[in-house]
Structures are given as C-alpha cells and as structure tokens.
Amino acid sequence: MTAVTDRQRLAYVNTQASEARVNVELQTEDMTLNLGPQHPATHGTLRVVAKLDGEQVVDADVVCGYMHRGYEKLTEVRTYPQVTTLINRIDWLSSFANEVPFILAAEKLMEIEAPPRAQYIRTLFFEMARIANIGLFLGEMALQVGALTPAFYAFRDREFVLNQIEAATGGRFHPNYDRLGGLKDDLPKGWIAETQAVMKRIREFCDELEGLVAGNIIFERRCRGVGVIPAEIGKAFGVSGANIRASGVDWDLRRDEASPLVWKDLDWKVWTHPDGDSFARYWVRLQEVRESTFMVDQMLEGLPAGSIQAKVPRIIKVPAGEAWVHTENPLGEMGFYIVSQGGLGPFRCKIRSASFNNVSVLPWLLKGTYVPDIITILASLYFILGDIDR
Amino acid sequence: MALDEVTGLFKGLGVTFRTMLKGNVTTQYPHEKEAPPTRARGVIALKEENCTVCMLCARQCPDWCIYIEGHKEKRPPRREGGKPRTVNALDRFDIDYALCMYCGICVEVCPFDALFWSPEFEYSEPRIADLLHDKEKLGEWMETVPDPLPLEVGAEKKK
C-alpha cells in the first residue's frame, strides 16, 4: 500500500461520512431502491426513493402527491354543509376529527357557539375517532414488524368502536355529523351503556397488546433505538402529535389551546416518552388510546342535558373575515385557515394536515438506517395517505 | 436471553391462547346476516307523493348525482267554483349511486319529507351504469325505512 492510495481512501471516507455512515471497506456502487408507490407498507401510494450503499440508506427522498385530490380548491366551490362531507375523506380513519376544526373555524367567524351538550358529544366522538384510528395503528405497526396476530385483534376491536359511531351518526367511516352551531342528531337510546361496555373492551385490548407486542423481545429489538427523532429536529420539521410527544416534547393542543371543546373539564394526562425511537412512538400511542377511553367514560357520565343545536339561519352565510383553528387530531396537529368573503362557501381554505409534516422528516430520518428498518420507521411515524396528499 | 425477555414471550403466548378460547367473532356474510343499525345510511328512499319537484336536493347535492325532471299539471279545484290548481308532477327522479357520497344532505334539506334513509345495503350491481336508480326503484325502498329511534336521556325533542 502506498501513501497515495491511503490518502485516496481517506478522501473517500470524508466525502461519504458527510452524507451518511457508510461501509467503506468495499467500494460498492450506489443502488436506488424504489419503495412504492404501490408498496403495502406505505398503506396507500407513497413513494420513497432510497439510495443504498449495501444495506444502508445513503439518501432518501419522499415523493408524495399520487393521491392529491385538491381539497383546498374543492372547498371553494362548495357551501359550508357540503364541505364537511368532503373533508371527512382527508384522514379517513378518523373522519370525525377532521370535521371539528373546520366547523369550529366557521363558527368562530359566525360568532356562534354550539350548546354544551353538542360540545360534549363532539369531544366524545373526537376521542372515539382517536381510538378507532390509533387502535388500528397498534396492530398494524406490529404487522409491519412481522407479527400477523395483533393486526387481526386491532381490526376486531376497532369494529366495536365503529359500530358505536355508526349507531349514532349513521356513517361508519364518514359520519358527517357536525353542523354549524351543533350536531345532526342526538344520541339514540341505550347508546351510552353500550359505549361504556365498548370502552371497557378497548382497555382490555390495550392490555392484550401490551402483553403481546410492547413486552415482546423481538418487537423491542426491531424498534428500540431505531429511527430516533431528537426533539429539536422534530420541532424544526414540524412533526406533531404522538410523534413529537415520543421525543419528550410535552405538547398537546387539547391541553395547550383554548377551545370550546370540553377537554379542559376532564381529568387526563399527556403521555410523553424521552427516547424518540420507534418503540417510544408505539408506547405513547398505546397509552393515549387507554387515556382516551377514560376520557370517553368521563364524558359519558358528565353529559349535560339540553339542546344540541344553536340558532342558525336556514341558509348559512358566513360573514367576511379570517379564522384559524387547529386541534390535536389522532395523527397530529390539524388546522383549517378559512378566508370568507361573506358567501355561501369559503373563499379560500388552507388545510394543515399532520401527516404531510410528519413524513417530511423522513429524508433526514432514513439516512444511515438499514433497509429492513425503513418499514418499521414508516409504520411508526403513522401517516394516512389521504392526510399527506389531501 | 434474560429472564424477563422469556417471560415477555410467554405473556404474549398467553394472550393468544386466551383469545383462542374466546370463540369466533367473524360473521360469514352471505350465509349469516347482521342487521345494520337503524340510523345507518344505506340507501335513499323516495316517497313520491310528497315530492314537489322543488329541486332543493339536486341543487344541494355536493356531487350532483340527483337528476330531476317534472312538469306542471292542472288539477280540479278543491272547492266548488274555485280556480283549478297547478301542481308539479314528477317525471323523473334518478339517483346515481355510483356518484353518491352518502352524505345525507338531500334528506336533510328536503322541506316536504320526501326523502328518507334506509339501512338497506344489498343493491350492488355488476355494471357501474346499473347503479343509476329511478323513482320506481327508490319508491320500493320506502318499505325498508325504519321509524326514528327514541333519544338518549337528556336530549331535547325536535320541534
């Protein structure tokens, strides 16, 4: 070995190390791996273009937009009641939670407020949407790691929550239950008792998954220390929801933001985890589902009597102005910025959806990881494609 | 392998074993049927005699899947010697279920209670064009419309 080759080797190390930790013993050529747009692990059409050096990712790029439906534009040609049925489809696993910030923003412009019973029922369904959405994640994340059983358990128990949502709203996935100034209909008789039984069942499901997945050594070794998002990086990329709480940031809009919804009346806690890895994200979500069931129980007990609809005109015109409302949706922060010019529908509507910002951290996060870990990191970030592309 | 790692594995096996003893939850659909909830938005039924061809539902529909045509008709006067009445008669009322989003806006805006939700859901067709249903078919579904449910404690009656 001459000195020249040594220097050459050192130069190679320097250039590669600046991009990622790369295996330098073999001078291999980079390979481009196309994950998606039809890959099952992306549960939708997300494409990840990863440049590989051996088994390691040197560079990753997220290509989204395959499912862009143009909701911001569509809202401009529809009236307010018609918009709620559209925005149900943004994050289809927790549809009800999408309606709430939009309706709250429109109500803010109209300067009306729904009666307390309506606010209670809204918050109730918001939390049930969270249970239905994240409950599925709990099984599905294990599926991506290679365990098939928890996915079936998750689908089984999510069904009970969806049945309750359907019994009250009429829609299984797309409730379209919110109206300006209130709700479509009150709860049917016997619904409260049934929901209490379902919440008990969901808590059992959480216990089951804690034994089955979170305590499993194979799952832990696949997830611990993988895909660590430091708190500063997460904040810089706009990561929100359980993803940022798993990085130790104590940030929850349900508690931090003044809202007409009733979270302030309830006794609950925000769960955080200091690690920031895939396992932390799973663990935080597991605790959140359990916390949500307790919140639902409290709301069922404290449900006030009364009307569910404030007085609104028959043809709804929202006065001119601008309003921004964001809430803590199951996937993270979701916000609607409505610009109204006094017409029947919004003049312009900006939708801030959680998943888009959550996946934007992926190019940073995937650098230096191994190929099998891409899937667990994608699964643990938990995005819904409709929420990314809108 | 540490001891707690082994116990973790066996704890998981215990969960699956207990689930195995609990029995089946799957409904084998075409052979056994589950009744959907009363409020389920399955299909829109039409009560033809209530419709006044006011077109509110067709205008409010977010994806414009309702097609209505009508004409004016003279009817004999209600009282002796009065003027003959003019009523709107319905010629065509089609809903394209291939486009319908099942949002229920048409049912809500109908001022004369001519549209209803029915939990009936078994009307799939092999061809997408066959999902356009006319008023005779929508009228048949009126039989499956359930009465509205009683409300939970603390709810206010609708006026």
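Across the interface between chain B and chain A, the rule finds three salt bridges. The structure is a predicted model, and the contact between its chains brings 35 residues of chain B together with 42 residues of chain A. The area buried between chain B and chain A comes to about 3100 Å², with carbon and sulfur atoms giving 52% of that area.

**Contacts across the interface**

- On the side of chain B, the residues that lose the most area to chain A are B:R39, B:R41 and B:E152, which together account for 22% of what that side buries.
- A salt bridge joins A:R179 to B:E108, where the closest N and O atoms lie 2.4 Å apart.
- Between chain B and chain A, 13 residue pairs are in polar contact, with both residues at pLDDT 80 or more.

**Make-up of the side of chain B that touches chain A**

- Helix 1 (3-22), helix 2 (56-60) and helix 3 (105-109) of chain B each supply at least two residues to this side, and helix 1 gives the most, with nine residues.
- The residues of this side divide into 19 nonpolar, six polar and 10 charged.

**Helix 5 of chain A**

- Helix 5 of chain A (residues 116-145) has 30 residues and reaches 44 Å from its first C-alpha to its last, which is close to the 44 Å expected at 1.5 Å a residue.
- Of the 30 residues of helix 5 of chain A, 28 are buried, so this helix is largely enclosed by the rest of the structure.
- Just after helix 5 of chain A comes A:G146, which takes a positive phi of about 125°.

Notes. Residues numbered from 1 in each chain as written. Chains lettered and ligands numbered in written order. Predicted model: local features only at pLDDT ≥ 70, side-chain atom pairs only at ≥ 80, totals over all residues. Heavy atoms only, no water. Contact = heavy atoms within 4.5 Å. Buried area = accessible area lost by both parts, 1.4 Å probe. Salt bridge = Lys/Arg side-chain N within 4 Å of Asp/Glu carboxyl O. Polar contact = N/O pair within 3.5 Å; in protein donor to acceptor, adjacent residues only side chain to side chain. Helix = DSSP H or I, 4+ residues; strand = E, 2+ residues; numbered from the N terminus. Nonpolar A, V, L, I, M, F, W, Y, C, P; charged D, E, K, R; others polar. Expected span 1.5 Å × (residues − 1). Buried < 20%, exposed > 50% of the residue type's maximum accessible area, 1.4 Å probe, protein only.
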